[in-house]
Amino acid sequence: MEVLQAQVHTLGGFKSSAKRESLLPFRTLRQVKGHSEDKTVVDEEVSATLVSLFTALLKNDLRKQREILSFLTAPRQAVYLQTGADAGGTSPSDTMLATLGFSIGRRPSSLPLAGTGVFVTKGLVQKGTVVAMYPGTVYQLHEPILLPSIGNPFVFRCIDGVLIDGNDKNISRIIYRSCSGRDRLGPFALSDVTWLTASPQNPLAVGQYVNNSSNEMPANVCYQEYDVPEGFPLELHQYLPNVNYRQESGRPLRCVVLVSLKEIQRGEELFSNYYTIVR
């Protein structure tokens with residue numbers, strides 16, 4: 001039996017304004033045979049990409065990272081203090097370009113009345129590459145999201161029903177900052193709050209602004225769920241743009257990454273598919 005699941009929804013509709021609905025009548029469908037098969041790239045590749053970028057971001061911000069580094073073992077410190085590390089001055093966008101071969105950014109969408117979009121600003125995105133992350137507060141099935149979901153076009157629904165509120169304004173913003181401030185381990189921040197600003201320290205954390213595809217603009221990225229593994233370096237959690245609504249959720253932190261379906265050139269806008277068919 002086929003079940004049609006909305007990947008992004010709110011109580012009042014889907015992640016698309018009424019104006020955009022009239023312009024984009026067709027929605028792309030991604031076919032998924034089961035939860036474990038909803039992987040364009042394996043989790044190990046996702047982890048490797050995130051660790052590579054986050055390590056470079058930390059190396060390029062050593063002035064602010066000294067206290068954190070002092071709590072690490074000597075071998076872990078050596079990873080960041082090796083020759084070539086930058087005490088500061090390289091932007092996250094340029095660090096992303098040097099590490100992944102491309103950078104992305106927010107700007108007005110190429111679609112009429114679609115608001116903000118996400119574009120490849122420099123470099124070239126290869127097929128099968130993690131190109132963005134969907135930030136926000138993570139809600140398990142039993143957790144209360146009614147109030148922040150009202151009129152909120154940024155609530156993403158995972159295949160297993162887990163919700164991620166990617167709104168960077170209003171009560172959603174307050175809830176995320178509160179949960180992030182709660183979840184610290186001594187000097188270690190376990191999540192990133194800078195995606196709530198115009199200058200996120202993790203340049204991948206703009207996935208909530210990727211617009212829906214259409215007949216004229218087919219999807220060039222797709223969503224992929226990713227649970228942060230237990231062995232993910234503690235000092236790099238500060239770049240993860242997600243936080244659990246409840247600290248004692250008992251589950252790995254859920255993230256959602258956007259993976260390229262094709263080669264994407266500089267200047268191209270990213271378009272996703274908002275619906276998934278689960279067989």
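This is a predicted model: local features need pLDDT of at least 70, side-chain atom pairs count only at pLDDT 80 or more; totals for chains, interfaces and linings use all residues.
Asn-170 sits in helix H7, which covers residues 170-182. Its phi is near 60°, a positive value in a residue other than glycine.

Leu-113 also has a positive phi, of about 65°, although it is not a glycine. You will find Leu-113 in the loop between E5 and E6. With a relative accessible area of 56%, Leu-113 is exposed, so it lies over the 50% cut-off for that class.

Now for the overall picture. The protein chain has seven helices and 18 strands. Of its 279 residues, 53% are buried. If you take the contacts between residues at least 6 apart in sequence, 78% of them join residues at least 24 apart.

Let's go inside. Which residues have the most contacts inside the largest nonpolar core? They are Phe-54, Ile-104 and Val-131, in a core of 51 residues. Several elements each supply at least two residues of this core: helices H2 (43-59) and H3 (62-70), together with strands E5 (102-108), E6 (116-123), E7 (130-134), E14 (221-227) and E16 (254-260). Among these, H2 gives the most, with six residues.

Let me zoom in on Phe-54. Not counting residues up to four places away in sequence, Phe-54 touches Met-133, Asn-202, Phe-232, Leu-236, Tyr-239 and Leu-240. There is also a second, separate core, made of 11 residues, and it includes Tyr-139, Ile-145, Cys-179 and Leu-196.

Next, helix packing, and we stay with H2. The axes of H2 and helix H5, residues 92-100, come within 9 Å and cross at roughly 135°. That angle is why H2 counts as oblique to H5. The crossing of the two helices, H2 and H5, is right-handed. On the H2 side, the contact is made by Thr-49, Ser-52, Leu-53, Ala-56 and Leu-57, and on the H5 side by Pro-92, Thr-95, Met-96, Thr-99 and Leu-100. Sorted by class, the residues in the contact of H2 with H5 are six nonpolar and four polar, with no charged ones.

The other pair I'd like to show is H3 and helix H4, residues 74-81. Here the axes of H3 and H4 come within 11 Å and cross at roughly 170°. So H3 is roughly antiparallel to H4. Which residues make this contact between H3 and H4? From H3 we have Leu-62, Arg-66, Leu-69 and Ser-70, and from H4 Gln-77, Tyr-80 and Leu-81. By class, the contact of H3 with H4 comes to four nonpolar residues, two polar and one charged.

Gln-224 is found in strand E14. Is Gln-224 buried or exposed? Gln-224 is buried, and its relative accessible area is 0%. Gln-224 and Lys-39 are 185 residues apart in sequence, yet their C-alpha atoms are 6.1 Å apart in space.

Thr-137 belongs to strand E8, residues 136-139. At 1% relative accessibility, Thr-137 counts as buried. Setting aside residues up to four places away in sequence, Thr-137 touches Leu-163, Ile-164, Asp-165, Ile-175, Tyr-176, Val-243 and Tyr-245.

My last stop is Asn-220, in the loop between strand E13 (211-212) and E14. Asn-220 is buried, with a relative accessible area of 4%. That value is under the 20% cut-off, so the residue goes in the buried class even though it sits in a loop. What does Asn-220 contact, leaving aside neighbours within four places in sequence? The partners of Asn-220 are Val-259, Ser-260, Leu-261, Lys-262, Ile-264, Glu-268, Glu-269, Leu-270 and Phe-271. One of these, Ile-264, is 44 residues from Asn-220 in sequence and 7.4 Å away in space, C-alpha to C-alpha.

Methods:
Residues are numbered from 1 along each chain as its sequence is written. Side-chain values use heavy atoms; hydrogens and water are left out. A nonpolar core is a set of buried Ala, Val, Leu, Ile, Met, Phe, Trp, Tyr and Cys residues joined through side-chain atoms within 4.5 Å. Buried means under 20% relative accessible area, exposed over 50%, partly exposed in between (1.4 Å probe, protein chains only). Helices (H or I, at least four residues) and strands (E, at least two) are DSSP runs, numbered from the N terminus. Contact means heavy atoms within 4.5 Å. Axes are lines fitted to C-alpha atoms, for helices over the stretch in contact, and angles run from 0 to 180 degrees between N-to-C directions. Angles under 35 degrees count as roughly parallel, over 145 as roughly antiparallel, 65 to 115 as roughly perpendicular and the rest as oblique. A crossing is left-handed if the near helix is turned anticlockwise from the far one by less than a right angle, and right-handed if clockwise. Ala, Val, Leu, Ile, Met, Phe, Trp, Tyr, Cys and Pro count as nonpolar, Asp, Glu, Lys and Arg as charged, and the others, Gly among them, as polar.
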